[in-house]
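Good morning, and thank you for the time on today's agenda. Please look at the model on the screen while I go through its helix and strands.

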Amino acid sequence: DELEAGARTAAARGSKLHVLPECFLPGYSWSRERASLRLQARNRNWLEARVGAIARRHDVGIVVGYAEQDGALVHNAVALVSNQGRIVCHHRKRRLVGSEADCFDAAV
């Protein structure tokens, strides 16, 4: 997949950190409808397992933006996953602009 290929390429070029854009997971192709986004959102455990395995496999840290499911809330979030496969830093967007508020919950 695109995440795996990008990490492989970054590592092959000697990079120690692979940085992906905001909402890389699930991507900006999702519907603007909140219900649709909820079906694609992931929690931190899923992110650490999925992205962490790729980070370990290629010995590269990964910064990834994603739609984070937290109970009934969905946040526009970003995480730094170390080359050891662990989330070492996490942030949820607090200031939603434009139509983002139609899709995400602001962090408090």
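I begin with a definition: rings of Phe, Tyr and Trp (its six-membered ring) pair if their centres lie within 6.5 Å, and planes under 30 degrees apart count as stacked, over 60 as edge-to-face and the rest as tilted. By that definition, the structure holds zero aromatic pairs.

Two remarks on the source. This is a predicted model, in which local features need pLDDT of at least 70 and side-chain atom pairs count only at pLDDT 80 or more, while totals for chains, interfaces and linings use all residues. Residues are numbered from 1 along each chain as its sequence is written, and side-chain values use heavy atoms, with hydrogens and water left out.

There is a charge over a ring, defined as NZ of Lys or CZ of Arg within 6 Å of the ring centre and within 35 degrees of the ring normal. Arg42 sits over the face of Trp46, 4.9 Å from the ring centre.

I turn now to helix H1, residues 2-12. Helices (H or I, at least four residues) and strands (E, at least two) are DSSP runs, numbered from the N terminus. Buried means under 20% relative accessible area, exposed over 50%, and partly exposed in between, with a 1.4 Å probe and protein chains only. The buried residues of H1 are Leu3, Glu4, Gly6, Ala7 and Ala10. Viewed down the axis of H1, they fall within an arc of 165 degrees, so they line one face of the helix; the arc is taken from the directions from the helix axis to the C-beta atoms. On the other side of H1, Glu2 and Ala12 are exposed.

Why does Glu4 count as buried? Glu4 does so because its relative accessibility is 13%. Setting aside residues up to four places away in sequence, Glu4 touches Ile54, Arg57 and His58, where contact means heavy atoms within 4.5 Å. The buried residues of H1 pack against strand E1 (17-19), helix H3 (44-58) and strand E2 (61-70).

Finally, the strands, which pair if DSSP finds at least two bridges between them. E2 pairs with strand E3 (residues 73-81) in the antiparallel sense over nine bridges, and Val63 has Leu80 in E3 as its bridge partner. Two residues separate E2 and E3 in their hairpin, where Gly71 in the turn has a positive phi of about 65 degrees. E3 and strand E4 (residues 87-92) run antiparallel, joined by five bridges.
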